[in-house]
Amino acid sequence: MFHGPVVPRRPARLTPLPLSAARLDPASLLGAWQEVNAAATIPHCVDNIERTGVIENFRRLVGVPDVPEGNFQGMLFADSDLYKTLEAIGWEMARTGTGRWAGLLSDVAELLEQVQTPDGYLNTRVQGTPGAEPFSQLEHSHELYCAGHLIQAAVAIHRGGGDPRFLAIAQRFADLIVRTFTADASPRIDGHPEVETALIELYRETGEESYLRAAELQIERRGQGVLAPGGLGSQYYQDHLPVRAATEAIGHSVRQLYLAAGVTDLLLENGDETLLHAMTQLWDSAFGTKMYLTGGHGSRHRDEAYGDPYELPPDRAYAETCASIAAVQWSWRMLLATGQARYAEEMERALLNAVAAAMTADGTAFFYSNPLQLRTGHDGSHEDAPSERLPWYECACCPPNLARLLASVHGYAATSDASGLQLHLLTAGTFTADTLTAVVETGYPWSGEVRVTIRGGGELAIRIPAWAAGATADVTAGKVLAEPTPGDYLRVSCEDGATVRITLPMKPRLVSADRRVDAVRGCVAIQRGPIVYCVEQADLPDGITVEELALDPSSAILEEGAAPVHLRLPAVATPLDATLYQPYPPESTASTPVTVTAIPYYTWANREPGAMRVWLPLA
């Protein structure tokens, strides 16, 4: 039985299914991405960690022949690129039993054993830089961050039935962390939260309680001024307030979300209601006032940070891919802790929009930041804001992060509890709890028809999306316990052979933002089901730019195609003024009716670089 990324020891409201009990249909949207990830993205990551010198950093430390002499190369946290790739391989082994990477795993395990010092320390940047001392620059060194990704890789490989040496290596490093950071008279924390989730998962895997205690100390020491704020400030490092007082999402978005995931892991293990209360408030801040429609997080390029509440400019969205991934991971933990559908709702939003947009259809090029608008004439020369996805990045945290998420994404689809099975992501596949197996057939998110066939018996819960007003359910050989309410779960007591058919309304709908989102006042976005749409320059008639378009809300939106569904939008195109500022009211200018194609946001920039926008002004 292969367990997934999060396996609480203390009983939670919901229990993750073992990875072996969840299978996505390869023809489904999520299942197809998982297949692309296995066939293309993971191999691409392996090739690039070799090409960019990440593995060479390890080889150099043990004098591997034909490796040129020199110092560490790459970002401070380059080791984590290897570890996240290894984690993806571990989950892929658990999913398919593949032996494709056995040779690589053996070679890397041997290399890590050679590089690791007798006390358990392992970091090629520190070990490969003359004069550098372990744990002496925790504000920016990312040492515990890298250790966390090593631990998570080891857990994944162990759960996937791989080389046991990785878990031993990770435990030696974790034991050093325990000795150094629990007995230290001068308590310290890492400037980039991540090790908290890793140490707790290592505790879950091994039963060693000192790892849980070490994670708890990293969390409880936040906000005590442990880190020198420097030029970036304490908010950047998530050291500005204790975790129970830090109820506004702020600072570096990935660090905020990783820390929140770690705190939620801790409350899953100790049942601390004060932590749950704080995390609920923090989640309301992040997802209720600072999240983009696509599920992106972080509106400021400066410090890769959250902005003020409702500061969500579409063209300046940073929305780092890693932040969307972290949002999925945190929402999953909140779902396990509470059983509330809203957390699954936001997992789906991010997965089908922000996360999906970060990768090309062939799985070998990526976005680091994910804007909701790209202007005509955009200078995409900098990798932080390119005009198209790039094969790799100098700061390459996102590609292997995508690989590890997609390799394990089937583990986020369903859960169990004492009553039966819960389906959170509406995707075709097969999901098994103790006494009940659900075979899901659906073309969702393109089709609103979901058919579930039951083997065995028990209670089945199916999430009804919050946007699905008018959803209906038809049940045979079962009793409806809770009607299909948007934003909650349809609950059915099922006998063997029961079928549950759900019909969700999939008519395209216009969405407006809170008026405090000044950047998109007077604009609307288009959604169909969970999918956010955009207009891309490649689909416009010659001579018309996206900036000239305004949507006609009084006319019907037409659908074309099946998977994906494209939309035909009634709009008008108005020539732009040649001068920057004009008198008000402006002189009337003739507008031209035009029908334009809108495509799913996640598919943009797969043809050619060009302008794009999600939010359209109204005519």
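User: Leaving aside its neighbours within four places in sequence, which residues is His297 in contact with?

Analyst: A caution to begin with: this is a predicted model. Beyond its neighbours within four places in sequence, His297 is in contact with Ser253, Leu257, Ala286, Phe287, Met291, Tyr306, Ala319, Glu320, Ala323, Ser324 and Ala327.

User: Where is His297 placed, and is His297 buried or exposed?

Analyst: His297 lies in the loop between α11 and α12. Its relative accessible area is 0%, and the cut-off for buried is under 20%, so His297 is buried.

User: With which side chain does the side chain of His297 make a polar contact?

Analyst: The partner is the side chain of Tyr306, at 2.8 Å.

User: How are two packed helices described?

Analyst: Two packed helices are described by the angle between their axes and by the distance between those axes. In this model, helix α11 (residues 273-289) packs with helix α12 (residues 321-338) at an angle of about 135°, and their axes are 12 Å apart. That angle makes α11 oblique to α12. The crossing of the two is left-handed.

User: Which residues make the contact of α11 and α12, and how do they divide by class?

Analyst: From α11 come Leu276, Met279, Thr280, Leu282, Trp283, Ala286 and Phe287, and from α12 come Ala327, Trp330, Ser331, Met334 and Thr338. They divide into nine nonpolar, three polar and no charged residues. Ala286, Phe287 and Ala327 are also among the contacts of His297.

User: At what angle do α2 and α4 pack?

Analyst: Helix α2 (residues 54-61) and helix α4 (residues 102-115) pack at about 50°, with their axes 9 Å apart. They are therefore oblique to each other, and α2 passes α4 in a left-handed crossing. The contact is made by Ile55, Phe58, Arg59 and Leu61 of α2 and by Leu111, Leu112 and Val115 of α4. By class, that contact has six nonpolar residues, no polar ones and one charged residue.

User: Where is Leu76, and how accessible is Leu76?

Analyst: Leu76 sits in the loop between α2 and α3 (79-96). With a relative accessibility of 30%, Leu76 counts as partly exposed.

User: Which residues does Leu76 touch, not counting those up to four places away in sequence?

Analyst: Leu76 touches Arg125, His140 and Ser141. A separate reading uses C-alpha atoms: those of Leu76 and Thr124 are separated by 9.1 Å, although the two residues are 48 residues apart along the chain.

Terms used: Residues numbered from 1 in each chain as written. Predicted model: local features only at pLDDT ≥ 70, side-chain atom pairs only at ≥ 80, totals over all residues. Heavy atoms only, no water. Axes fitted to C-alpha atoms, helices over the stretch in contact; angles between N-to-C directions. Helix = DSSP H or I, 4+ residues; strand = E, 2+ residues; numbered from the N terminus. Parallel < 35°, antiparallel > 145°, perpendicular 65-115°, else oblique. Left-handed = near helix turned anticlockwise from the far one by under 90°. Contact = heavy atoms within 4.5 Å. Nonpolar A, V, L, I, M, F, W, Y, C, P; charged D, E, K, R; others polar. Buried < 20%, exposed > 50% of the residue type's maximum accessible area, 1.4 Å probe, protein only. Polar contact = N/O pair within 3.5 Å; in protein donor to acceptor, adjacent residues only side chain to side chain.
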